[in-house]
Amino acid sequence: MKVTKKDMENVAVLSRLDIPADKEAQYTQQLNDVLEYFDNLSAVNTDDIKPLAHVLPISNVFREDVVKESLDRDLALSNAPLKEDGYFKVPKVLED
Amino acid sequence: MKLFEQPAHVLHDMLVNKEITSLELTEAVLARIDEVEGDVKAYLTITRDVAIAQAKAVDEKIAKGETISFLEGIPGAIKDNICTKGVKTTCASKILQNFVAPYDATVMTKLKAQNPVIIGKANMDEFAMGGSTENSAFQKTGNPWNTECVPGGSSGGSAAAVAAGTAVWALGSDTGGSIRQPASFCGVVGMKPTYGRVSRYGLVAYASSLDQIGPITKDVTDCAHILNIISGRDEMDSTSVNEEVPDFTKALVEDVKGLKVGIPKEYFVKGIDPDVEKTVREAIDKLKELGAEIVEISLPNTDYAISTYYLISPAEAATNLARYDGVSYGERAEDAADLVEMITKTRTQYLGEEVKRRIMIGNYALSAGYYDAYYLKALKVRRLIKEDFDKAFEQVDVIVCPTAPTPAYKIGEKISNPLEMYLQDACTVPLNLAGLPGISVPCGYSSDNMPIGLQIIGKALDEETILRVAYTYEQSQSYHNDRAQLGGN
């Protein structure tokens, strides 16, 4: 097995997900199966090959910095699970 | 043919000639929904009253003698990952189950300028992750040709609606085959345009370097018309290309004489269903008979496309879906002691299994110690896959192959094995990795009478040639006139 229990716990933290105890073995097995399959890539010689993140030959698209109408604040807040005085509200982040 | 079975171009002419009204047409489609939607379950939201109002407005315009645009007054469906202002946009996820889009996607703005009738929002795999629409958090869509079978995915609701006659046309999105494969499974036409041809602004992001919106229609003619409407540079999407959009309907020419059609040998190997191979080979023979030159080609890195795709797309998804944190929109879990616990509980409670799996694969591939071996390696192989196509297109004008290795399978048959599901995408993911356009057109049936699709792949920004080949093939056959037998029909 490539993926250990510890790897799985680490990846869950990175993903901000809890893995229920009764699913842990199944998730680990499935991740292992997939990663083992991905190992077929190791047969490909990629020396001197540049990574391709994006197919288009464009980068740094600029536009004039002009003020335009943007989303109305009430509309932007309309889907917020919790809001107060025109702000998104979350549990306290900083200590007193 | 009944009204709801007709393609948009026929209905448009009927509207112009005052043979029908948009209200009659819209009511026929809504009545079809009443008849078959209980079995097909293609829609997550149906905006019946809005649709009726839109139809009446179009009829008033026609009565006044005003000219109407191609899609005006013609009912369609929108995949539920495309933002529709004032209408729920759920991505078939519980985390967005109450999300009402505060703005329109650019494709919606462009469509609305044409005044079509929007019937509703179509079911899909949650966040477009899947190939069967079984990953929807809300319902399983049935294939109109056999409702015990999947419609394909992730745009399964869009394809099923068009095939069932509960929409005349639809929009889908395609990250690794999500327009073409359900089109193939449901016996309709689906196109993924060149990456950058259509703005992604307002398309809920899955894998940003691969996602593209495109049409799902009853025939190639409708596909070209809708592509005309949705294409073009958009300053809200810096990856949309600044190239002139041709009139794609000019490509609807019955002529493939002298065109070089490449057949990639790697797409006809292990795992391909014999019925699929037979019908696709017959379609290739037909193209030859119609005057095309058939050239065997090789795309040697095809075998690595699945691994490459299933590393890159989850990596991008892990990043894109970090936004579902219960803060600015979407659901939020209750009773969390602090911010991190709130975020973790929210995501754990409201995201589905396949979405979680891909987020974890992505974060694993991007994490310290594995980044070079997995993510970076995949990006390098992506370049090799693209170069395979570049080389092939020095020799040929289009590439033709199956859209999917099998016809539609039974609901529940593959869902428990993620890897087996991923392997189903072998024929479609290479195009997304290379950014190329591709279309699926019906080319026959399996022994169980399930539709099979022919995939035609083109050079970047050369949708015209694939439309031409697709149209010529379509017109030489009658599959585009076949309709699923469903309900009283």
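Two residues are in contact if their C-beta atoms, placed from the backbone, lie within 7 Å. The model is a predicted one, in which local features need pLDDT of at least 70, side-chain atom pairs count only at pLDDT 80 or more, and totals for chains, interfaces and linings use all residues. Residues are numbered from 1 along each chain as its sequence is written, while chains are lettered from A and ligands numbered from 1 in the order in which they are written.

**Exercise 1. Core and contacts**

Task: Determine which residues A470(B) touches, not counting residues up to four places away in sequence, and which residues touch the most other members of the largest nonpolar core.

Solution. Step 1: With that exclusion, the partners of A470(B) are V220(B), I439(B), V441(B) and I456(B).
Step 1: A residue is buried if 20 or more other C-beta atoms lie within 10 Å of its own, exposed if 12 or fewer, and partly exposed in between. A nonpolar core is a set of buried Ala, Val, Leu, Ile, Met, Phe, Trp, Tyr and Cys residues joined through C-beta atoms within 7 Å.
Step 2: The largest such core has 167 residues, and A161(B) and A470(B) touch the most other members. Helix α9 (residues 305-320) of chain B contributes the most to this core, with nine residues.

**Exercise 2. A helix pair**

Task: Describe how α7(B) and α15(B) pack.

Solution. Step 1: Helices (H or I, at least four residues) and strands (E, at least two) are DSSP runs, numbered from the N terminus. Axes are lines fitted to C-alpha atoms, for helices over the stretch in contact, and angles run from 0 to 180 degrees between N-to-C directions.
Step 1: Helix α7 (residues 220-230) of chain B packs on helix α15 (residues 463-476) of chain B at about 160°, the axes being 9 Å apart. The pair is therefore roughly antiparallel, a label for angles over 145 degrees.
Step 2: V220(B), A224(B) and L227(B) of α7(B) meet E463(B), L467(B), A470(B), Y471(B) and E474(B) of α15(B). This contact has six nonpolar, no polar and two charged residues, where Ala, Val, Leu, Ile, Met, Phe, Trp, Tyr, Cys and Pro count as nonpolar, Asp, Glu, Lys and Arg as charged, and the others, Gly among them, as polar.

**Exercise 3. Backbone geometry around α5(B)**

Task: Examine the burial of α5(B) and the backbone of G165(B), S154(B) and T133(B).

Solution. Step 1: Helix α5 (residues 156-164) of chain B is mostly covered, nine of its nine residues being buried. Just after α5(B), G165(B) has a positive phi of about 80°.
Step 1: G153(B) and S154(B) are joined by a cis peptide bond with omega of about 10°. S154(B) is located in the loop between β3 (117-122) and α5 of chain B.
Step 2: T133(B) lies in the loop between β3 and α5 of chain B; its phi is near 65°, a positive value in a residue other than glycine. T133(B) counts as buried because it has 34 C-beta neighbours inside 10 Å.

**Exercise 4. The interface**

Task: Characterise the side of chain A that touches chain B.

Solution. Step 1: 39 residues of chain A are in contact with 54 residues of chain B.
Step 1: α1 (5-14), α2 (24-38) and α3 (73-76) of chain A each supply at least two residues of this side, and the largest share, six residues, comes from α2(A).
Step 2: By class, this side has 27 nonpolar, seven polar and five charged residues.

Notes:
Parallel < 35°, antiparallel > 145°, perpendicular 65-115°, else oblique.
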